[in-house]
Amino acid sequence: MTTSALRRQVKNIVHNYSEAEIKVREATSNDPWGPSSSLMSEIADLTFNVVAFAEVMGMVWKRLNDSGKNWRHVYKVNS
């Protein structure tokens, strides 16, 4: 497990993110590779649930407003 993955897991626990928010955070991480198609499919399936849809869109909006060293968050949300 990489340091960034461990740090991400700790943040997920500390901020009490939901399953949907965790998946969006993983898909839009600062890692140099893109998200897997299975992860993107899981996120798409979550959007059919009203509560999960709001959580997904909230995290997407948060990622779109990142800047500076987190430019990959914005890039991956727009892809």
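Modeller: Helices (H or I, at least four residues) and strands (E, at least two) are DSSP runs, numbered from the N terminus. The model is predicted, so local features need pLDDT of at least 70 and side-chain atom pairs count only at pLDDT 80 or more, while totals for chains, interfaces and linings use all residues. Residues are numbered from 1 along each chain as its sequence is written, and side-chain values use heavy atoms, with hydrogens and water left out.

Colleague: What does UniProt list for residues 12-79, and how much helix and strand does the span hold?

Modeller: The unreviewed UniProt entry lists "domain: ENTH" there; such annotations may be inferred rather than shown by experiment. The span is 66% helix and 0% strand, and its end C-alpha atoms lie 23 Å apart.

Colleague: How should I read a salt bridge, and how many are found in the whole structure?

Modeller: A salt bridge is a side-chain nitrogen of Lys or Arg within 4 Å of a carboxyl oxygen of Asp or Glu. The search finds four. Among them is K23 with E19, at 3.9 Å from N to O. These two residues are four apart in helix α2 (residues 19-27), so about one helical turn separates them. K23 also meets E42, at 2.3 Å from N to O. Here K23 is in helix α2 and E42 in helix α3 (residues 37-46), so the pair ties together parts that are 19 residues apart in sequence.

Colleague: Is K23 buried or exposed, and what about E19 and E42?

Modeller: Buried means under 20% relative accessible area, exposed over 50%, and partly exposed in between (1.4 Å probe, protein chains only). K23 is buried at 15%, E19 is exposed at 53%, and E42 is partly exposed at 35%.

Colleague: Which residues form the nonpolar patch on the surface, and which form the positive one?

Modeller: Patches are made of residues with over 30% relative accessible area and no salt bridge; like charges are joined within 9 Å, and nonpolar side chains (Val, Leu, Ile, Met, Phe, Trp, Tyr) within 5 Å. The nonpolar patch consists of M1, L6, V10 and V14, with about 440 Å² of accessible area together. Accessible areas come from the Shrake-Rupley method with a 1.4 Å probe. R7, K11, K62 and K69 form the positive patch; Lys and Arg count as positive. K11 lies in helix α1 (residues 3-14), and V10 is in helix α1 too. K11 is partly exposed at 42%, and V10 is partly exposed at 46%.

Note on methods
Charge placed at Lys NZ, Arg CZ, Asp CG, Glu CD.
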